[in-house]
Amino acid sequence: MTTIRLTGEGGTIADIAAIARGDAQVAADERVIARLVEARLILESAAASGQQIYGMNTGLGANLKTAVTEDFAAFQLQLIRGRGMAVGPAFSRDAARAIIAARLSMLAVGGSGISPSVFEALMAMLNAGVTPVMPSIGSIGAGDLVLLSAMARALVGEGEADYQGVTYPAAEALERAGLEPAVLQPKDGISLLNASAVSAGEGALVLVDVQNLFERQRQAVALSFEGLGGNPRILSPAIQTARPAAGQVAEAALVADLLAGSSLHEASAAIQDPLSLRCTAPIHGALADALQRVIEAVEIELNGAPDNPLVILDEGRVLSTGNFHTPALSLAFETLGLAIAQAASASAARFIQLTGSGRNGLPKYLSAVGGPSAGFVPMQKTVTALLADIRHKANPVMLDFLAVSEGVEDHATQSVLAMRKVGEMLGSWQLLIACEMLAAAQAVDFREGHRCGAGTQEAYELVRGVAAFATEDRPLGVMVSALAERLR
């Protein structure tokens with residue numbers, strides 16, 4: 001079985017996906033445990049000196065000025081119970097595991113001061129397959145305390161958790177897995193809660209899915225080049241380097257590679273194709289750049305110390321921070337959503353070109369029989385509906401917040417919502433790509449004697465493995481859905 005070793009640096013979105021979806025085990029490097037021990041000693045020394053430490057000997061939020069003077073460990077239980085305000089549908093098992101893995105990755109940096117025994121208990125819970133039932137609504141992107149409460153409570157044997165596909169009271173789930181509930185020490189509660197683990201963990205899974213769908217979108221546009229008889233010279237490196245906008249050179253090369261060997265290179269092509277085809281490189285380049293930026297933003301979270309308060313190991317002191325705040329992460333996800341919507345709009349435009357009134361030497365509506373046949377044209381409505389859904393979800397949300405906690409928390413980033421909107425786009429984007437590929441394959445079949453490139457031939461065969469050439473009007477929606485499933 002695969003093991004992901006936490007070191008406090010170098011964690012990737014692929015690591016999170018392997019843990020969440022592939023049930024990879026998690027292990028901590030010995031340097032991580034030494035770092036946690038050192039941070040804990042610094043924290044306890046600071047508290048013993050009389051320093052006010054947020055969430056350890058003070059209340060949280062509006063209760064900041066309220067001192068905690070006795071039974072500090074009991075206060076940590078009160079703290080995690082008192083943040084159990086999340087509502088709505090529970091995270092999927094994969095998402096919940098990703099969230100726990102993300103928090104462990106952050107804790108491994110050593111800035112939280114968490115007790116090593118609690119860190120190890122959280123890791124053991126993940127490795128044993130005990131997955132907390134975590135309601136998904138309640139974060140405004142200023143730390144995910146309300147959402148992470150269910151994780152922390154399951155760790156101490158409260159709430160509910162899934163084990164081997166069955167939901168049990170958390171204490172029973174732990175017992176069935178051979179685990180004991182964790183015992184929280186001072187500050188352990190806030191160390192579990194105060195981080196961006198939801199937007200980073202669930203976001204990592206969203207980004208892996210975006211990477212996969214983006215590759216399918218490249219295949220779709222290359223197949224549309226074949227079906228529309230597009231001019232492949234628009235992908236020439238000299239054109240891209242004349243104005244090398246972000247990602248443009250690399251994206252042109254990727255689509256050109258798919259078209260290698262196509263008879264398009266031997267044909268007399270149009271001087272200028274429609275913009276949805278001709279501007280593939282800059283459109284996809286903008287998406288590639290936005291995707292890379294959000295991957296970097298998530299991986300900064302995975303390998304950073306977002307804790308408040310923060311144990312600064314090099315200086316041996318404890319300071320309050322705003323590192324749990326994630327405006328850059330939110331902005332990156334918002335930008336990615338807009339970039340996906342832009343690529344999707346080009347895909348929809350190509351579909352309209354393919355299924356229109358006999359352009360590019362293709363029969364009207366891609367109908368094999370003509371006359372009153374509707375061919376593919378009714379699917380233009382479906383494509384428009386899918387694009388409208390994507391565009392709606394691309395609208396920004398990161399500026400939507402209210403001041404809470406008596407005005408102490410008067411700014412938020414909505415990083416969870418910004419991330420989640422992107423995830424919710426993907427189903428419609430996947431179906432839209434399937435629509436384009438189905439129409440493009442139909443168009444290729446009308447081009448007698450045409451030879452696809454090696455990459456586009458593979459995409460064509462993928463389509464034809466699901467849906468045969470449409471010789472007459474028939475329900476194509478079922479075929480689109482089946483193809484979309486194959487694109488996963």
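The model is predicted, with local features needing pLDDT of at least 70 and side-chain atom pairs counting only at pLDDT 80 or more, while totals for chains, interfaces and linings use all residues. Residues are numbered from 1 along each chain as its sequence is written, and side-chain values use heavy atoms, with hydrogens and water left out.

Figure 1. Helices (H or I, at least four residues) and strands (E, at least two) are DSSP runs, numbered from the N terminus. The C-alpha trace spans about 85 × 50 × 45 Å along its principal axes. Of the 488 residues, 54% are buried, where buried means under 20% relative accessible area with a 1.4 Å probe, counting protein chains only. Contact means heavy atoms within 4.5 Å. Among the contacts with a separation of 6 or more, 78% join residues 24 or more positions apart.

**Figure 2. Helix α6, residues 145-155.** Just after α6 comes G157, which has a positive phi of about 90°.

**Figure 3. T280 in helix α13, residues 280-302.** T280 counts as buried because its relative accessibility is 2%. A polar atom of the T280 side chain lies 2.8 Å from the backbone oxygen of L277. This pair can be read against the rule for a polar contact: N or O atoms within 3.5 Å, where within protein one must be able to donate a hydrogen and the other to accept it, and residues adjacent in sequence count only if both atoms are side-chain atoms. Apart from neighbours within four places in sequence, T280 is in contact with V221, F225, V255, L275, G285 and R350.

**Figure 4. The cysteines C435 and C452.** A disulfide is a covalent bond between the sulfur atoms of two cysteines. Here a disulfide is taken as a pair of cysteine sulfur atoms within 2.5 Å, and by this rule the count is 0. C435 is in no disulfide, and the nearest cysteine sulfur, that of C452, is 19 Å away. C452 is likewise in no disulfide, its nearest cysteine sulfur being that of C435. C435 counts as buried because its relative accessibility is 1%. C452, at 11% relative accessibility, also counts as buried.

Terms used: Buried < 20%, exposed > 50% of the residue type's maximum accessible area, 1.4 Å probe, protein only.
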